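Subject: Structure handover

Hello,

Here is the structure we talked about. Please open it alongside this note, which goes through the findings one region at a time.

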Amino acid sequence: MQNLSWHKKIIEQIRLMQDQERLPHGLLLRGPEGIGKLNLSMNIAREVLCLPRSDGDSQIKKVRQLFDSKSHPDLYVITRLEEKKDISIDQVREVRVRLSTTSHQGGWKVCVIYPAERMNKNAMNALLKILEEPTPQTMFILVSHIPKILLPTIVSRCQIMNIPVPDYNSSLKWLLERSNFDENEVKNALAISNNRPFLAAEFLEKNLLSEHERFRNILIGVAKLEINFVTAADEIKKLNSMYCLDWFVKYIHSLLIENSNNNKLEIHECLNHIISAKSMMITGHPINIQLIWEELMMKWLKSNVTIL
């Protein structure tokens with residue numbers, strides 16, 4: 001957990017809410033993936049659970065140590081289990097039981113749900129019931145990349161915080177300070193991640209810059225009729241499909257900016273299919289990756305884009 005410079009104002013806002021005794025029972029952190037929202041949620045939880053903020057208080061030092069060692073008894077984290085495709089109702093029910101008991105530290109209890117859109121329908125309904133009749137001094141922090149997937153009734157019961165993408169200089173400085181990568185590599189990672197520093201860090205650590213270049217070359221090959229759509233789909237499915245979908249959108253946007261002649265119905269239909277495919281993957285919808293990419297490559301080919 002890090003104190004990120006681009007989240008400083010949000011933490012100050014949380015502290016003001018605490019001082020005015022108007023902390024919400026539901027807090028929705030929404031924004032693009034890869035900008036540190038999970039890190040922010042844990043910093044918010046630390047603020048809520050580690051009161052008062054006096055460094056001279058020996059008791060609060062012990063509470064902070066508990067939190068920093070991930071042992072705080074009033075912090076609960078719900079995330080998708082590794083072997084499961086989504087967050088289940090049982091996970092939400094288990095936390096509900098624990099939250100109904102008295103706080104171990106005599107203060108607030110906090111539950112972080114990440115990513116919130118991975119809850120299945122039953123889990124969302126279970127959470128909604130909790131938010132409708134919240135336990136006193138209990139906060140749910142929902143971290144979401146795609147909040148439109150959440151039930152509107154859940155969103156309406158949360159205070160929404162829109163988490164912006166940090167400015168380029170902040171992202172670049174943070175990445176350079178925490179890694180041994182060449183500055184040009186860092187800048188390239190920021191470029192293909194749309195300036196999302198945590199995502200850029202993942203690209204660097206997993207050596208995905210070469211994978212991005214490979215994907216881009218496949219798109220160019222299909223557009224120039226050098227690679228057929230079936231072969232292209234077979235190659236792309238070997239890559240990380242979620243990343244490739246993001247790169248696909250970014251590449252299309254760059255072509256629209258470069259050449260206004262590319263702004264036609266077919267390219268926008270291709271974009272819509274990319275967004276639909278990503279939504280299915282995120283929600284755990286059963287799909288055939290080969291067929292998905294074959295369909296996308298056919299749409300891409302029919303868009304007949306001009307590549308300079």
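Is W247 buried or exposed? W247 counts as buried, because its relative accessibility is 3% and the cut-off for buried is under 20%. Please keep in mind that this is a predicted model.

**Aromatic residues**

The structure holds 11 aromatic pairs. In one of them, W174 and F198 are stacked, at 4.7 Å centre to centre and with 20° between the planes. This pair links distant parts of the chain. W174 sits in helix 7 (residues 168-178) and F198 in helix 9, 24 residues apart. W174 is buried, at 10% relative accessible area. F198 is partly exposed, at 25%.

W247 has a ring partner too: F215. The two ring centres are 6.4 Å apart and the planes stand at 50°, so this pair is tilted. F215 belongs to helix 10 and W247 to helix 12 (residues 241-258), so the pair ties together parts that are 32 residues apart in sequence. F215 is buried as well, with a relative accessible area of 2%.

Both residues are members of one aromatic cluster. Its members are F203, F215, Y243, W247, F248, Y251, W293 and W300.

**Helix 12 and helix 13**

Helix 12 also packs against helix 13 (residues 265-282). The angle is about 160°, and the axes are 10 Å apart. Angles over 145 degrees count as roughly antiparallel, and therefore helix 12 and helix 13 are described that way. Their crossing is left-handed.

Which residues make the contact? From helix 12 they are S241, M242, L245, D246, F248, V249, I252, H253 and L256. From helix 13 they are I267, H268, C270, L271, I274, A277, K278, M281 and I282. F248 of this contact is also in the aromatic cluster.

An open sheet is formed by 5 strands, in the order 2-3-4-1-5, with parallel pairing. Strand 2 (75-79) and strand 5 (159-162) are at the edges. Each has a single partner strand, so one side of each has no neighbour in the sheet. On average, neighbouring strands are turned by 20° against each other, direction ignored.

Strand 2 pairs with strand 3 (residues 109-114) over 5 bridges, in the parallel sense. Within that pairing, V77 has V112 of strand 3 as its bridge partner.

Helices lie on this sheet. Helix 5 (residues 121-132) packs on it and touches strand 1, strand 3 and strand 4 (138-144). The direction of helix 5 makes about 140° with that of strand 4. Helix 1 (residues 8-19) lies across strand 1 (26-30) and strand 5. Helix 1 runs at about 160° to strand 5.

Where is L150? L150 lies in the loop between strand 4 and helix 6 (152-156). L150 is buried, at 3% relative accessible area. Neighbours within four places in sequence aside, L150 is in contact with L28, A116, E117, M119, M124, L142, S144 and V155. L150 and M124 are 26 residues apart in sequence, yet their C-alpha atoms are 7.6 Å apart in space.

**Backbone points to check**

- The peptide bond from Y114 to P115 is cis, with omega near -20°. P115 is in the loop between strand 3 and helix 5.
- N194 is not a glycine, yet has a positive phi of about 55°. N194 lies in the loop between helix 8 (183-192) and helix 9 (197-205). At 39% relative accessibility, N194 counts as partly exposed.
- L225 also has a positive phi, near 65°, and is a residue other than glycine. L225 is in the loop between helix 10 (209-223) and helix 11 (229-236). L225 counts as exposed, at 68% relative accessibility.

Best wishes

Note on methods: Residues numbered from 1 in each chain as written. Predicted model: local features only at pLDDT ≥ 70, side-chain atom pairs only at ≥ 80, totals over all residues. Heavy atoms only, no water. Pairing = 2+ DSSP bridges. Helix = DSSP H or I, 4+ residues; strand = E, 2+ residues; numbered from the N terminus. Axes fitted to C-alpha atoms, helices over the stretch in contact; angles between N-to-C directions. Contact = heavy atoms within 4.5 Å. Buried < 20%, exposed > 50% of the residue type's maximum accessible area, 1.4 Å probe, protein only. Phe/Tyr/Trp six-rings, centres within 6.5 Å; stacked < 30°, edge-to-face > 60°. Parallel < 35°, antiparallel > 145°, perpendicular 65-115°, else oblique. Left-handed = near helix turned anticlockwise from the far one by under 90°.
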